[in-house]
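Me: I am new to reading structures and would like a close look at a single part of this one. Please take it slowly and connect that part to what surrounds it.

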Amino acid sequence: MDTPQSKSGHEVFLRRAFDVARRAMTHGNQPFGAFLVNAAGEVLLESENGFMPDRDMTGHAERLLASQASKQFDPDFLGTCTLYTSAEPCAMCSGAIYWAGIGRVVYGLPERRLKTMTGNHNENPTLDLPCRTVFAAGQRHIEVVGPLLEEDAAAIHDGFWDKKLAEHAAP
Ligand SMILES: [Zn+2]
């Protein structure tokens, strides 16, 4: 089994996060996905972007996942777990990951590059603050790996935000 201890293991899990992100789109949501594995590489939780059905601007995949993880597991255990996410956690999600106690984050697409794709989109006005900066302000260490497979991660967003803007521009 792949474990979250090596670059090749990270890439295998990250590709699964990309699959979750693509599935989110088929549910009318934004193309973001995350999941949580334990040290043995067993998948514990998975989360798609949850903007719809309530138009929840805070329904990011990693924030939803961190809240769920915190309700199910204690911080000591979560400190041994890894969260894989298709795009770098924003400041809000990084805060949620910190508070839940998750020990490691592996991401695909950097927030800064996502910003060039979404612009100031009304559904996702990307907040470009590196997750490492947020974590560095905390009181426990969170390991960060990324960007990884950046081009594959970016491809998930190809055309998505332009199409969204066109829908909003339509009368
Ligand atoms: Zn977020």
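At what angle do H2 and H4 pack, and how far apart are their axes?

Reply: This is a predicted model, and everything below is computed from it. H2 and H4 pack at an angle of about 15°, and their axes are 8 Å apart. Angles under 35 degrees count as roughly parallel, and the two helices H2 and H4 are therefore roughly parallel to each other. The crossing of H2 past H4 is left-handed. On the H2 side, the contact is made by Glu62, Arg63, Ala66, Ser67, Ala69 and Ser70. On the H4 side, it is made by Met92, Cys93, Ala96, Ile97 and Ala100.

The spacing of such residues follows a general rule. An α-helix has 3.6 residues a turn, so residues three or four places apart point the same way.

Now take H4 by itself. This helix covers residues 91-100, and its buried residues are Cys93, Ser94, Ala96, Ile97, Tyr98 and Ala100. H2 (61-72) is one of the elements that cover them. The cover also includes helix H3 (75-78), the strands S3 and S4, and helix H6 (131-136).

Leaving aside residues up to four places away in sequence, Ile97 touches Glu62, Ala66, Leu83, Pro89, Ile102, Val105 and Ile142. Of these partners, Glu62 and Ala66 are also among the H2 residues in the helix contact. Ile97 belongs to the largest nonpolar core, which has 40 residues; Ile97 and Ala17 are the ones with the most contacts inside it. The elements giving two or more residues to this core are H1, S1, H2, S3, H4 and S4. H1 gives the most, with 7 residues.

The strands in that list lead on to the sheet. Five strands form an open sheet with mixed pairing, in the order S2-S1-S3-S4-S7. Strand S2 (43-48) and strand S7 (143-145) are at the edges with a single partner strand each, so one side of each has no neighbour in the sheet. From one strand to the next, the twist averages 15°. Helix H1 (residues 7-26) packs on this sheet and touches S1, S2, S3, S4 (104-109) and S7. The direction of H1 makes about 140° with that of S1.

Inside the sheet, S1 (residues 33-37) pairs with S3 (residues 82-87) in the antiparallel sense over 4 bridges. In this pair, Ala34 stands opposite Thr85 of S3. S1 also pairs with S2, again in the antiparallel sense, over 5 bridges. There Val37 stands opposite Val43 of S2.

S1 and S2 form a hairpin with 5 residues between them. Gly41 lies in that turn and has a positive phi of about 90°. Gly41 has 15 C-beta neighbours inside 10 Å, so this residue counts as partly exposed.

The chain between S2 and H2 brings us back towards the helix pair. Pro53 is in this loop, and the peptide bond from Met52 to Pro53 is cis, with omega near 10°. Arg55 lies in the loop between S2 and H2 as well. The phi of Arg55 is positive, near 55°, and this residue is not a glycine. Arg55 counts as exposed because it has 8 C-beta neighbours inside 10 Å.

The loop between S7 and helix H7 (150-155) can be read in the same way. Pro147 has its place there, and the bond from Gly146 to Pro147 is cis, with omega near 0°. Leu149 is found in the loop between S7 and H7 too. Leu149 has a positive phi of about 50° without being a glycine. Leu149 has 20 other C-beta atoms within 10 Å and is therefore buried, whereas Arg55 counts as exposed.

To return to the part you asked about: H2 and H4 are roughly parallel, and Ile97 of H4 takes part in their contact. Ile97 is also one of the two residues with the most contacts inside the largest nonpolar core.

Methods
Residues are numbered from 1 along each chain as its sequence is written. This is a predicted model: local features need pLDDT of at least 70, side-chain atom pairs count only at pLDDT 80 or more; totals for chains, interfaces and linings use all residues. Two strands pair if DSSP finds at least two bridges between them. Axes are lines fitted to C-alpha atoms, for helices over the stretch in contact, and angles run from 0 to 180 degrees between N-to-C directions. Two residues are in contact if their C-beta atoms, placed from the backbone, lie within 7 Å. A residue is buried if 20 or more other C-beta atoms lie within 10 Å of its own, exposed if 12 or fewer, and partly exposed in between; C-beta atoms are placed from the backbone. A nonpolar core is a set of buried Ala, Val, Leu, Ile, Met, Phe, Trp, Tyr and Cys residues joined through C-beta atoms within 7 Å. Angles under 35 degrees count as roughly parallel, over 145 as roughly antiparallel, 65 to 115 as roughly perpendicular and the rest as oblique. A crossing is left-handed if the near helix is turned anticlockwise from the far one by less than a right angle, and right-handed if clockwise.
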